Amino acid sequence: MIKVVIIEDEIPARKKLKRFIEELNTPVEIVSEIDTVRSAIDFFKNNQVDVVFSDIELLDGNAFEIYSQVSIKCPIIFTTAYDQFWMNAFESNGIAYLLKPFSKERFQKAWDKYLLLGNSSLDATNSITILTKLIEHKLTEKVYKKRFSVNSHHGMYFLEIEKILFFKANEGVVFAFDDKGKKHLLTTSTLKEIEEQVNSLEFFRISRSELVQKKHIEKMERYNKNTLVIKLKGFETYLKTSQSNTAAFREWMEK
């Protein structure tokens, strides 16, 4: 029987992990579910298990505080929404890094790596070699924003990204225009921040103030030697590329 600990402070995420674990073909016992750094440290002072599933941002701090204070001799599978922590994970006996929201397939691959590690009789001292291979194979995934928060007089609501034609920055605020031509005030304040949250294959910054989504581009026409005008589906006003971005935009459209 493989003994497992889940370190996760989000109830839906913990339920998802438990469901995936229960569906495994391998006999597994979840010996503890932990949601704080303090509780985890107390647990590992007196207990050892076969594998740990660990979130990184917990209710009372960062999970790496746990692994710096107690000796964890088993492999760790990290689960988190924050990809900036991946190198720290690889330095803490991590054998896989699941970026939320992860699929059953990604979970299974991480579990298979754990089984391979155990079947090969490798201990934690060999983890650096294993993790180097994981890095080389680019097993971390980039998770892109699926919806954006929108401010309104009645509170806050969410706008799904597939409905967004383009983003427009104007005097320190950012608006999203949807496929009905409606304008939404976002809680995000800069286009640069949005650029880092969306897929660059799907969105392109055509000017300092506008970021467009490729699938909603209906047609484009030449405006002058170094500028194009863009017609978006369901939107009457044409957008213009800046002279400095036109060539890169043409290339991006063909990808």
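A salt bridge is taken here as a side-chain nitrogen of Lys or Arg within 4 Å of a carboxyl oxygen of Asp or Glu. By this criterion, the predicted model holds 12 salt bridges.

One of these pairs joins the side chains of glutamate 10 and lysine 100, with an N to O distance of 3.6 Å. Glutamate 10 is situated in the loop between β1 (2-7) and α1 (11-22), whereas lysine 100 occupies the loop between β7 (94-99) and α5 (104-119); the contact therefore ties together parts that are 90 residues apart in sequence. The two partners were also examined for solvent accessibility. Lysine 100 is buried, because its relative accessible area of 14% falls under the 20% limit. Glutamate 10, at a relative accessible area of 41%, is partly exposed.

A further salt bridge links the side chains of lysine 219 and glutamate 221 at 3.4 Å, N to O. Lysine 219 is partly exposed, with a relative accessible area of 37%, and glutamate 221 is likewise partly exposed, at 36%. Through salt bridges with shared partners, Glu8, Glu10, Asp55 and Lys100 are joined into one network; Glu10 and Lys100 are the residues of the loop-to-loop pair described above.

The side chains of lysine 192 and glutamate 196 also form a salt bridge, in which the N to O distance is 3.9 Å. Lysine 192 has a relative accessible area of 54% and is classed as exposed because this value is over 50%. Glutamate 196, with a relative accessible area of 48%, is partly exposed.

Note on methods:
Residues numbered from 1 in each chain as written. Predicted model: local features only at pLDDT ≥ 70, side-chain atom pairs only at ≥ 80, totals over all residues. Heavy atoms only, no water. Helix = DSSP H or I, 4+ residues; strand = E, 2+ residues; numbered from the N terminus. Buried < 20%, exposed > 50% of the residue type's maximum accessible area, 1.4 Å probe, protein only.
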